[in-house]
Structure formats: C-alpha cells, structure tokens
Amino acid sequence: MQKWKNDIDSKVQLPKSDKPIPVVLLANKVDLAKDEFAQIREQMDKFCKDHGFVGWFETSAKDNTGIDNAAQLLVKSILEHDVSSDDVKSEGIRLADDEPQPTNDKECRC
C-alpha cells in the first residue's frame, strides 16, 4: 500500500499547491471477511495516520458498502484544499445525500 501511496504522491498534486492529493484507503471485500476487519480497525487507523491517508473504509462493491462514504470523504478532502472562489469560501461547500433525484428518464442531474 505504501508503494502505491508514494507513487500517487509523486505524480498527483493539488492544483495551485505542491501538496499531494488526498488519498483514501479502501479495504475491499468486507462482505467476505467481516470478522477479520473487527480485529484490525485500530491498526488501520494508525497506519492511515502514519502514512498520510485521509482515512480508510471497509468496502464491498457487491453490497455497495462504504463506497459512497469513501467517495464523499475523498471529494470533501480535495475541495477543502482547493477552494478558489470567494463566494464558495464564504458560503461553504455542502455535500449532501438529499439532492433531488430524477423522476423519469428524461430528467438528468448533470
């Protein structure tokens, strides 16, 4: 993991800065090994803190566990470092789960 983190840090920096982009560590396939993760949570917290990860999440693509939370933390961490608009600085940036959903196929959220 540390080799991959060092590789990302050396290649990707935040805009207008020389700081590395925030990185979230994903512990995948938690649906197969729930008991194993219970024993290593403190170790994972310490590893992330010691090695510059903004956090870690137990994830499962199969069960859609932890994916949204990991993505939200990653985006929030990036935006906290690169807010360039004065309007955004004064009003803040909100990441919410309660955005309106399209009611039919003709409506698009993009």
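**Close-up views of a predicted model**

**View 1. Lys46 and Asp50 form a salt bridge, with 2.6 Å between their closest N and O atoms.** A salt bridge here is a side-chain nitrogen of Lys or Arg within 4 Å of a carboxyl oxygen of Asp or Glu. By this rule there are four salt bridges. This is a predicted model: local features need pLDDT of at least 70, side-chain atom pairs count only at pLDDT 80 or more, and totals for chains, interfaces and linings use all residues. Residues are numbered from 1 along each chain as its sequence is written, and side-chain values use heavy atoms, leaving out hydrogens and water. Lys46 and Asp50 sit four residues apart in helix H2, so about one helical turn separates them. Helices (H or I, at least four residues) are DSSP runs, numbered from the N terminus.

**View 2. Lys5 meets Asp9 in a salt bridge (2.8 Å, N to O).** Lys5 is buried, at 3% relative accessible area. Asp9 is partly exposed, at 22%. Buried means under 20%, exposed over 50%, and partly exposed in between (1.4 Å probe, protein chains only). Lys5 also lies over the face of Phe53, 5.7 Å from the ring centre. For this, NZ of Lys or CZ of Arg must be within 6 Å of the ring centre and within 35 degrees of the ring normal.

**View 3. Met44 lies in helix H2 (residues 34-51).** Met44 is buried, with a relative accessible area of 12%. Beyond its neighbours within four places in sequence, Met44 is in contact (heavy atoms within 4.5 Å) with Leu25 and Trp56.

Key:
Helix = DSSP H or I, 4+ residues; strand = E, 2+ residues; numbered from the N terminus.
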